[in-house]
There are 2 protein chains.
Amino acid sequence: VAEAPVLGMDVGGTKVAVGAVAGPRADHLVEEPTELSSTEALLDGMEKAYRAVVEAAGEPEAVGVGVPSQIEFATGRVLSSVNIPLEGVALREELANRFGVAVFVDNDANCAALAEAQLVDDAPARHLVMLTLGTGVGGGVVIDGTIFRGTHGLGAELGHVTIDADGPNCPGNCPNRGCIEALCSGTALQRDATELGKDKPDSPLGRIYAQNRRVKGRETVEAAQQGDPDALTLLERLGTNLGVAIASFVNVFEPEHLVVGGGLSRAAELFFPRAREEAAARALPALWERVSVEVARGGAHAGVIGAGVLAGQELKGQARDTARTGTTEGAR
Amino acid sequence: VAEAPVLGMDVGGTKVAVGAVAGPRADHLVEEPTELSSTEALLDGMEKAYRAVVEAAGEPEAVGVGVPSQIEFATGRVLSSVNIPLEGVALREELANRFGVAVFVDNDANCAALAEAQLVDDAPARHLVMLTLGTGVGGGVVIDGTIFRGTHGLGAELGHVTIDADGPNCPGNCPNRGCIEALCSGTALQRDATELGKDKPDSPLGRIYAQNRRVKGRETVEAAQQGDPDALTLLERLGTNLGVAIASFVNVFEPEHLVVGGGLSRAAELFFPRAREEAAARALPALWERVSVEVARGGAHAGVIGAGVLAGQELKGQARDTARTGTTEGAR
């Protein structure tokens, strides 16, 4: 069965990437800087990148779009966005009007999980959980091959699951304390490294703190890679907390695969062995034996691939619905 | 569309209940004491109860069976059981041979969740999470109207999700610490009340401890209902921990309904308001606004109803599969 031609679009805080997606591959890739000055400018930039790919690859049947935002999936409306000017925008409708083809919008963590499900061994995975460790912590859950979203598409907020009820406040847009984002995100790492640098002025982290009044997550990772014991301890602790979280998700979802991605995962050697060890000690044994826990494989274009896979799946779902009821709810 | 006639069977630690299930109702109910002396005796008792209902209600198209066990759903094999002699038993096959009709076996927490989905306002619920607070803590998750089980039917072990990484050891068959069962179960309540009674010999809990060298969960609930401040504090603390857990599940599943059942929920007035308050302070606001969090409605026969609903759904699923492929994998 030939797949319908679909495009994937990945909207990040610094660039918009678009490509033609077939299976686990993205071709005809185009990147534009993300316009943050206004909603209109951002949408114009997205359209520009879209048109450039259409020029090379032809008009698609659908476009999938991943955004770093909370999405009401059924309508494609953006409820909230942290870094980009899309709050309250009816994004699916806006883009469908501009592009003249079916558009599906989802959050970037869901798209990343869909991409991973195409990239694991024995792909596609039917049941997969992905945690994305970046500035914040995102989550995506694949159940029976498709993204799980909850009642209104607001679910799978895995980063805001508590692992230490008395832990620090979440640095994200979340009222919780001790959730995964409060303990395993780049922001959490920066908070702890800054605190430590302040307390130990003669240490490597202390010298970075003296320069900038803060120690970034990336600087902490670099210090650890150079063997600084303080930085190594912080990353081990992050690994322990991540392991607690992984055990919970294995017990809840019993996935075939649990993968950890995001910017921090590029330094996985500093925390992932500890995380696996902690998870192995906590997860129910019958479930732990059956799951593969790995670092995500998605490269630079995972967001584009995942968005394209989403569009392909939703198109097929609409075709099924049309065959059954003679109508379609697609935003075309 | 008329539902196929189905029976539901609920196997508990003290009794086996069977009834004919239609919608959210169970009729022709028969109960037999649970035979714990051997697997054979237990199966004989289940068959006896089954035959008695068939006598009154006629032969069903299928039987759903809920057991307090870890089940590999696809095969209906019991991986482990806490209180009944079913470990390693190919229960679905055994019962299908004895009954001569299609049999489906699931754990009792999943069946209870399916029953609740029929009993809530605007039933049936499409997305529902149930926590069952008894000796242990069980969980059941309904997604798109059917039970979510994970890859091999071992998922939705909600009771073993961590809420306090440094918390006490789980009293159940689980290597974790600080999981929900370690903090919100009847066993956890007994542990804390016993400790408290030991420390305060002149208190109401202390006097119970002096008599029996332990304070049971039920005795703690009674002391709290009579106004004992120590017992009230323990139940408030249980409520706080339950609220942490509820917030996590709202953030993960974004259900329409989250319900709390099990024996402890009969004393919900002592901890549920605190749990709701804590959950409201922690869950993501957009998700909290959209969820109903309540005490479960299932009465004494919820297990029978849920098992019957399961059988009805699985029969329909098989009919669909048969129409598509001309074969069925049912254990008939």
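**Rings, helices and loops in a predicted model**

Q: Over the ring of which residue does the charged end of A:Arg149 sit?
A: To count as a charge over a ring, NZ of Lys or CZ of Arg has to be within 6 Å of the ring centre and within 35 degrees of the ring normal. In chain B, B:Arg149 lies over the face of B:Phe73, at 3.4 Å from the ring centre. The charged end of A:Arg149 sits 3.4 Å from the centre of its ring, and that ring belongs to A:Phe73.

Q: In this predicted model, what pLDDT do local features need?
A: Some bookkeeping: residues are numbered from 1 along each chain as its sequence is written, chains are lettered from A and ligands numbered from 1 in the order in which they are written, and side-chain values use heavy atoms, with hydrogens and water left out.

Q: By what turn can chain B be laid on chain A?
A: The copies are superposed by least squares on the C-alpha atoms of residues with pLDDT of at least 70 in both. That gives an RMSD of 0.0 Å with a shift of 0.0 Å along the axis, and the turn is 180°. This is how a two-fold axis relates its copies. So the turn asked for is 180°.

Q: Which residue of chain B comes closest to the rotation axis?
A: The copies meet through the same surface, because 100% of the interface residues of chain B are also interface residues in chain A. As for the axis, the C-alpha in question is at 2.1 Å from it, and it belongs to B:Asp164.

Q: How are the rings of A:Tyr50 and A:Phe99 arranged, and what is the angle between the planes?
A: Rings of Phe, Tyr and Trp (its six-membered ring) pair if their centres lie within 6.5 Å; planes under 30 degrees apart are stacked, over 60 edge-to-face, and the rest tilted. A search of the whole structure turns up seven aromatic pairs over all chains. A:Tyr50 and A:Phe99 are one stacked pair, with 3.8 Å centre to centre and an angle of 10°.

Q: How many residues apart in sequence are the parts that the pair of A:Tyr50 and A:Phe99 ties together?
A: Helices (DSSP H or I, at least four residues) and strands (E, at least two) are runs numbered from the N terminus. A:Tyr50 lies in helix H1 (residues 39-57) of chain A and A:Phe99 in helix H2 (residues 91-99) of chain A, so the gap in sequence is 49 residues.

Q: What is the centre to centre distance for B:Tyr50 and B:Phe99?
A: B:Tyr50 and B:Phe99 are both buried. Their rings form a stacked pair with 10° between the planes, and the distance is 3.9 Å.

Q: How far apart are the end C-alpha atoms of helix H3 of chain A?
A: The expected span of a helix is 1.5 Å times one less than its number of residues. For the twelve residues of H3 (residues 108-119) of chain A, that should give 16 Å, which agrees with the end C-alpha separation of 16 Å.

Q: How many of the twelve residues of H3(A) are buried?
A: The buried ones include A:Asn110, A:Cys111 and A:Glu116. H3(A) is largely enclosed by the rest of the structure, because the buried count is nine.

Q: Which residue has a backbone nitrogen 2.9 Å from a polar atom of the side chain of B:Thr194?
A: B:Thr194 is found in helix H5 (residues 186-199) of chain B, and B:Thr194 is buried at 15% relative accessible area. Leaving aside neighbours within four places in sequence, B:Thr194 is in contact (heavy atoms within 4.5 Å) with residues including B:Tyr209 and B:Arg213. The backbone nitrogen asked for belongs to B:Val215.

Q: Is A:Asp122 buried or exposed?
A: A:Asp122 lies in the loop between H3 and E8 of chain A. Phi of A:Asp122 is near 55°, a positive value in a residue other than glycine. With a relative accessible area of 75%, A:Asp122 is exposed.

Notes. This is a predicted model: local features need pLDDT of at least 70, side-chain atom pairs count only at pLDDT 80 or more; totals for chains, interfaces and linings use all residues. Buried means under 20% relative accessible area, exposed over 50%, partly exposed in between (1.4 Å probe, protein chains only). A polar contact is a pair of N or O atoms within 3.5 Å; within protein, one must be able to donate a hydrogen and the other to accept it, and residues adjacent in sequence count only if both atoms are side-chain atoms.
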